[in-house]
Amino acid sequence: MATTHSIPSVDLADFTSGDAGRKAAFVQQLGKAYEEVGFVAVKNHGIPDELIADLYKYVQQFFKLPADTKHRYEIPELAGQRGYTSFGKEHAKGYEAPDLKEFFQFGQTVEDNDPIGSEYPANVQVEEVPEFTPTFFKAYRGFEKSGKYLLQAIALFLGLDETYFDDKIHNGNSILRAIHYPPITQEPKSAIRAEQHEDINLITLLVGASADGLQILDKQNNWVPVTSLPEQIVVNVGDMLQRLTNNRLKSTTHRVVNPPREMWNTSRYSIPFFLHPKSNMKLDCLESCVTANNPLAYEPITAGEYLDERLREIGLKK
């Protein structure tokens, strides 16, 4: 198995090939990568290069808009879950200093009259960049499809039915987040653009950031730089999946560090897709993951309750 800076690489085409042997090998590779590292690079992920290029183009156009224009898209009562969140509002759990970023969030569009639609606020339409919303919608659907395959493989690895997650993530509360880390204009208080944290959701799919800076904490407590190759997406385990599997699959600690001084004048853009289930999914630990050697570590909670708790911890909800 090839590695990029200690990140195992897998080929999603093996899972979708219709070849039972390739599929079974993929399930084992992915599961082991998540037990051992928590991050994996995925090629043949099914999200077209030109769509990714468009996504970055329109995201950059949005963040270049004047501050007062962007602020029109900031809706405080949505706790950052839709639209724009201005610089310095969010901090990592357990850290007071805000992360050095602004971001825009795009959420689920329910198209099949599922009653869960009433739980979701409408997406915020950006008038100044007309292609922004349709491009986000297309990318959102692409990430949902890739994420569904990856969760099917995870389900098989855990000894569950392949479709275990399917109905739980259908019309789920996933978020496509576009992040802008602006250029650094003065001596920073810290070397960190986004302090170390774990993601809240089931899995996160990250399509190539525009600059280096992402680091993961390996099992030996070393910070390892993560660079995904252009044709790959990086996918990591979030806290909901860690909780569901009673720590069998580990949520990986990661951070974004400042670039070298000569690169301070550059922006960094990053577009993660946080794959969430519906809010009523129970995150009670799977019985098969509770053993004498791995006793029950978590109280029962739903995905919605857990998300609410975490949004308060990171300062987006009051």
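Visitor: Is cysteine 285 buried or exposed?
Guide: Cysteine 285 counts as buried, because its relative accessibility is 13% (buried means under 20% relative accessible area, exposed over 50%, partly exposed in between, with a 1.4 Å probe and protein chains only). This is a predicted model, where local features need pLDDT of at least 70, side-chain atom pairs count only at pLDDT 80 or more, and totals for chains, interfaces and linings use all residues. Residues are numbered from 1 along each chain as its sequence is written, and side-chain values use heavy atoms, leaving out hydrogens and water.

Visitor: How many disulfides turn up in the whole structure?
Guide: The search finds 0, a disulfide being a pair of cysteine sulfur atoms within 2.5 Å. For cysteine 285, the nearest cysteine sulfur is that of cysteine 289, 7.9 Å away.

Visitor: And cysteine 289, buried or exposed?
Guide: Cysteine 289 counts as buried, at 2% relative accessibility.

Visitor: New topic: which residues of α8 are buried?
Guide: In α8, residues 303-313, they are Ala303, Tyr306, Leu307, Arg310 and Leu311 (helices are DSSP runs of H or I, at least four residues; strands are runs of E, at least two; both are numbered from the N terminus). These residues lie on the same side of α8, because they cover an arc of only 130 degrees around the axis, taken from the directions from the helix axis to the C-beta atoms.

Visitor: What covers them?
Guide: The cover includes α7 (239-244), with contact meaning heavy atoms within 4.5 Å.

Visitor: What comes after α8?
Guide: Glycine 315 follows α8, and its phi is positive, near 90 degrees.
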